[in-house]
Amino acid sequence: MKVFVGNLSFNTSDNDLRDAFAPFGEVISAQVITDRETMRSRGFAFVEMPDDAAQAAISGLNGTDLQGRALTVNEAKPREDRGPRGGGSSNRW
């Protein structure tokens, strides 16, 4: 299961996430999401774990402190289609 982790410190690394989630079970992957242009953290991440470990991590970590920030931890939801990028009207001349 993929888990969303929000309200991260901009200093949190993939390894910090692994360390935080490891007590709950196997961590398949842990990735802090970064801005494509600046390569800085966007303040959220995704962690992939087996379902039972993920549920335990959600229960155990949601609202807890990591590097001075209260984490938001829940099941990741598929991204909704946000339509074409660029904003403005889709009626081009």
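**Close-up 1. Glu75 sits in strand 6.** Helices here (H or I, at least four residues) and strands (E, at least two) are DSSP runs, numbered from the N terminus. This is a predicted model, with local features needing pLDDT of at least 70 and side-chain atom pairs counted only at pLDDT 80 or more, while totals for chains, interfaces and linings use all residues. Residues are numbered from 1 along each chain as its sequence is written, and side-chain values use heavy atoms, with hydrogens and water left out. Glu75 has 36% relative accessibility, so it counts as partly exposed; buried means under 20% relative accessible area, exposed over 50%, and partly exposed in between (1.4 Å probe, protein chains only). Leaving aside neighbours within four places in sequence, Glu75 is in contact with Met1, Lys2, Phe4, Gln55 and Ile58, contact being heavy atoms within 4.5 Å. Look for Asp51 too: Glu75 and Asp51 are 24 residues apart in sequence and 10.0 Å apart in space, C-alpha to C-alpha.

**Close-up 2. Helix 2 has Ala53, Ala54, Ala57, Ile58 and Leu61 buried.** These residues cover an arc of only 140° around the axis, which puts them on the same side of helix 2; the arc is that of the directions from the helix axis to the C-beta atoms. Strand 1, helix 1 and strand 6 are among what covers the buried residues. After helix 2 comes Gly63, with a positive phi near 90°.

**Close-up 3. Helix 1 (residues 14–21) has Leu17, Ala20 and Phe21 as its buried residues.** Seen down the axis of helix 1, they fall within an arc of 90°, so they line one face of the helix. Asn15 and Asp19, on the other side of helix 1, are exposed. The cover over the buried residues includes strand 1 (2–6), strand 3 (41–48) and helix 2 (51–61).

**Close-up 4. The largest nonpolar core has 20 residues.** Such a core is a set of buried Ala, Val, Leu, Ile, Met, Phe, Trp, Tyr and Cys residues joined through side-chain atoms within 4.5 Å. Those with the most contacts inside it are Val5, Leu8, Leu17, Phe21, Val47, Met49 and Val73. Strand 1, helix 1, strand 2, strand 3 and helix 2 each give two or more residues, and helix 2 gives the most, with 5 residues. Zoom in on Val5: beyond its neighbours within four places in sequence, its contacts include Leu17, Phe21, Phe44, Val47 and Val73.

**Close-up 5. Phe4, Phe44 and Phe46 form one aromatic cluster.** Rings of Phe, Tyr and Trp (its six-membered ring) pair if their centres lie within 6.5 Å; planes under 30 degrees apart count as stacked, over 60 as edge-to-face and the rest as tilted. That rule gives 3 aromatic pairs. Phe4 and Phe46 make an edge-to-face pair, 5.9 Å centre to centre with 65° between the planes. Phe4 lies in strand 1 and Phe46 in strand 3, so the pair ties together parts that are 42 residues apart in sequence. The charged end of Lys2 sits over the ring of Phe46, 5.5 Å from its centre; the test is NZ of Lys or CZ of Arg within 6 Å of the ring centre and within 35 degrees of the ring normal.
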